[in-house]
Amino acid sequence: DEASDEEGAADSSLGLAVFRLVRGASANHGQVLHLSLTAPTWRAELEPALQALRKQMFLDLPINAVRATLWYSTLEDGKFKIHPDVEAPFKSSLFRWFQLCNTKDGRRGQIMASRRFPDNGDPSAPEEVLDLRLGSCLFLPYDPAAAEASAEAESAPGEEAARFPGNGLVMAECMRRRALLQKDADGAAADAAAAPGECPSQSGNAADADDCSFVSELYRKLRRRGTVSLVRSSDFGHAEECTTFAEQCLEGLGGSADISSLALPPLPPQATDDATSSTAPEGPRVMCGGLTVGVNWKKAAGGTIGDANWTHVPVHATGGDDSAVVYLATEDDDIFVSIWRLQDGARGMARDDLYRHCQSMLRECPPSKVGEDRPFCEVALPNVKLCVAAGAAVPRMGENAQVFGAPSELLGLRLAVRPPPAGALRPVAATAAAKADGAAAAPRFDADFVLCAWHAKLEDLEVPLFAVVVQPDAMTVA
């Protein structure tokens, strides 16, 4: 039934529930922060309220459990315990003891948890919708048998004329992983041949220029630093394994038609028995690399400037002359996202040019205006998505790198806004509040702009996780 106009109004509400999504390393859970009922007969209504809240949280949130803390207090009989009129409805609503909680101010609580049980009628977990999702999947083919003859092979093909450059970090990590596997297979001689050296002097030679490319320099840094755990990489010998890997990297960004566009060398089909890629016959193989990033903005609001295809994103800080670089506020303390408008004619930057451009902009325009010094408190970003072939190239780095064939890469991006849960309180839009205070209107990024995502764990590398030129006029509405 359609809700009436009065439903959900404060004077007719049965109570108030406040909860949040807590993301974990392996699973998410929902935490009930507050639950109150307006009726004097709350004891009779607490159990159905709990059951309705539990059901609604499982409908709206990608969680596997709901948790709530029941606090101890001194009751009329003088005992320090949980009120039985509160504890009993929780137990009858499928909440069970999880752990005790003691606070610094002397309070004691008992955390109750209720797990999702689809077999008992609980709804399936919804897909987790993130405000910003970025994904990259790289197929880097090579032939182990060609390693000896690679010195005479043609160099890797140059970067394709693609509108969207590939991910330099994924390429460098896949090259590092391949060199490590070759070292394990061939011994110290291969390691010496592939050992990273200093960037050659600028002699004007084309090969020297390739050796000084952004990815080449990053590869050398990774050889000294070690693995980048944020980048997934696996060595496969079967097409089915590569396809499964790509589906995982581009989940929520690309469909089967997009993934099938990734070029693969002729690979044998996977056997129907328990054979794995490690037992695949000698021949062409693929080093697969992938990186997925997902973040939520802080207090983002959608559809506040006339249509639902835009999202107002809060600004953490700005930097540079005229606040050219905008640093956006995210819920992840380790991931930083910055944007800036792209000059006319710069849309076709190659991968290395784009990554060096990002380094230069962020060095020259660090966050300098925060709080009240910001010229604006939010920006309007388009809700767009894409999953396209990206321009990828393997730099010439001596004999070891030349065993690689032509790489193939897919880049995915989705800018959207999470739909609010049913019944959620909606604060006054930041845009309206800003206008009331006389603040500048939110700049609207309706032309090409660079979106750059950084991670605190990679600060020593000075390399972004992702760098992409967002082209609103060439993308699909999310």
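## Thr 292 and its surroundings

Apart from neighbours within four places in sequence, Thr 292 has contacts with Leu 134, Gly 135 and Cys 249. This threonine lies in strand E10, which covers residues 285-295, and in this predicted model its relative accessible area of 40% places Thr 292 in the partly exposed class.

## Overall make-up

The protein contains 10 helices and 21 strands, and of its 478 residues 42% are buried. Among the contacts with a separation of 6 or more, 75% are accounted for by residues 24 or more positions apart.

## The largest nonpolar core

The largest nonpolar core is made up of 73 residues, and those with the most contacts inside it are Leu 328, Val 379, Leu 381 and Leu 451. The element that gives the most to this core is helix H3 (residues 168-186), from which seven residues come.

What does Leu 328 touch, when residues up to four places away in sequence are not counted? The list consists of Trp 297, Val 313, Pro 314, Val 315, His 316, Val 337, Ile 339, Val 379 and Leu 381, and of these Val 379 and Leu 381 are themselves named with Leu 328 among the residues with the most contacts inside the core.

## Packing of H1 with H2

Two packed helices are described by the angle between their axes and by the distance between those axes. For helix H1 (residues 42-60) and helix H2 (residues 84-92) the angle is about 30° and the axes are 9 Å apart; since angles under 35 degrees count as roughly parallel, H1 and H2 are therefore roughly parallel to each other. The crossing of H1 past H2 is right-handed.

On the H1 side the contact involves Trp 42, Arg 43, Leu 46, Glu 47, Leu 50 and Gln 51, which meet Asp 85, Val 86, Pro 89, Phe 90 and Ser 92 of H2. By class, the residues of this contact comprise six nonpolar, two polar and three charged.

## Packing of H6 with H9

Helix H6 (residues 214-225) packs with helix H9 (residues 351-364) at an angle of about 70°, their axes being 8 Å apart, which makes H6 roughly perpendicular to H9. Phe 214, Val 215 and Glu 217 form the H6 side of the contact, while H9 contributes Arg 351, Asp 352, Tyr 355, Arg 356 and Gln 359. The residues of the contact of H6 with H9 divide into three nonpolar, one polar and four charged.

How values were computed
Residues are numbered from 1 along each chain as its sequence is written. This is a predicted model: local features need pLDDT of at least 70, side-chain atom pairs count only at pLDDT 80 or more; totals for chains, interfaces and linings use all residues. Side-chain values use heavy atoms; hydrogens and water are left out. A nonpolar core is a set of buried Ala, Val, Leu, Ile, Met, Phe, Trp, Tyr and Cys residues joined through side-chain atoms within 4.5 Å. Buried means under 20% relative accessible area, exposed over 50%, partly exposed in between (1.4 Å probe, protein chains only). Helices (H or I, at least four residues) and strands (E, at least two) are DSSP runs, numbered from the N terminus. Contact means heavy atoms within 4.5 Å. Axes are lines fitted to C-alpha atoms, for helices over the stretch in contact, and angles run from 0 to 180 degrees between N-to-C directions. Angles under 35 degrees count as roughly parallel, over 145 as roughly antiparallel, 65 to 115 as roughly perpendicular and the rest as oblique. A crossing is left-handed if the near helix is turned anticlockwise from the far one by less than a right angle, and right-handed if clockwise. Ala, Val, Leu, Ile, Met, Phe, Trp, Tyr, Cys and Pro count as nonpolar, Asp, Glu, Lys and Arg as charged, and the others, Gly among them, as polar.
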